[in-house]
Amino acid sequence: MAKYSYPAVFTPAEEGGYIVTFLDFEGATQGEDVTDAIVMATDYLNFVLCDLEDDSEAIPQSTDIKTVEAPKNGFVNMIVADTDAYREILLKENNPIKYAREKAKLNIKQLADLLGAPYRTVQEWNRGKTFPPKWVEKLVIEKIESVM
């Protein structure tokens with residue numbers, strides 16, 4: 001898990017915006033304008049690299065940007081990916097209680113004790129099997145942050 005950079009090719013789309021491809025990976029993404037296309041390219045690259053890391057597959061060497069030709073009315077730009085930071089963002093978005101618990105360096109039992117909640121309930125929240133209502137989630141996170 002590390003930081004990577006790869007050249008991305010931004011090709012104008014017929015309907016507007018840009019289609020973004022990477023010579024080093026299959027697939028593509030797109031954006032409505034330059035800014036959106038760069039954001040989408042960054043997300044795409046992080047996602048692909050996280051999958052490769054998770055599957056213990058080889059990470060391809062980045063193509064030298066000097067060898068990549070820009071398409072007509074398009075451009076080539078380096079895109080940076082930080083898979084550790086990307087995973088942290090995903091965890092915070094997809095399981096905010098687990099994210100807060102890990103930031104506070106609490107284990108599952110400590111969080112259950114702090115909340116006065118059943119261990120199994122907190123364990124299932126941590127695994128992402130079940131989630132409390134949003135208002136409870138907010139209170140749990142506030143409680144965790146109060147002990148940090």
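Lysine 109 and aspartate 113 both belong to helix α4 (residues 108–115), where they stand 4 residues apart, about one turn of the helix. Their side chains meet in a salt bridge, with an N to O distance of 2.9 Å. The model is predicted. A search of the whole structure finds 7 salt bridges.

- Arginine 87 and aspartate 54 form a side-chain salt bridge at 2.9 Å, N to O.
- This pair links distant parts of the chain, 33 residues apart: arginine 87 lies in helix α2 (residues 83–94) and aspartate 54 in helix α1 (residues 34–54).
- A network of salt bridges links Glu53, Asp54 and Arg87.
- Arginine 87 is partly exposed, its relative accessible area being 21%.

**Other salt-bridge residues**

- Arginine 101 and glutamate 102 also meet through their side chains in a salt bridge (3.8 Å, N to O).
- Arginine 101 is buried, with a relative accessible area of 11%, whereas glutamate 102 is partly exposed at 39%.
- Aspartate 113 counts as exposed because its relative accessibility is 52%, and the cut-off for exposed is over 50%.

**Alanine 28**

- Strand β3 (residues 28–31) contains alanine 28.
- Alanine 28 has a relative accessible area of 43% and is therefore partly exposed.
- Apart from neighbours within four places in sequence, alanine 28 is in contact with Ile19, Val20, Thr21 and Tyr44.
- Alanine 28 and lysine 3 are separated by 25 residues in sequence and by 20 Å in space, C-alpha to C-alpha.

Terms used. Residues numbered from 1 in each chain as written. Predicted model: local features only at pLDDT ≥ 70, side-chain atom pairs only at ≥ 80, totals over all residues. Heavy atoms only, no water. Helix = DSSP H or I, 4+ residues; strand = E, 2+ residues; numbered from the N terminus. Buried < 20%, exposed > 50% of the residue type's maximum accessible area, 1.4 Å probe, protein only. Contact = heavy atoms within 4.5 Å. Salt bridge = Lys/Arg side-chain N within 4 Å of Asp/Glu carboxyl O.
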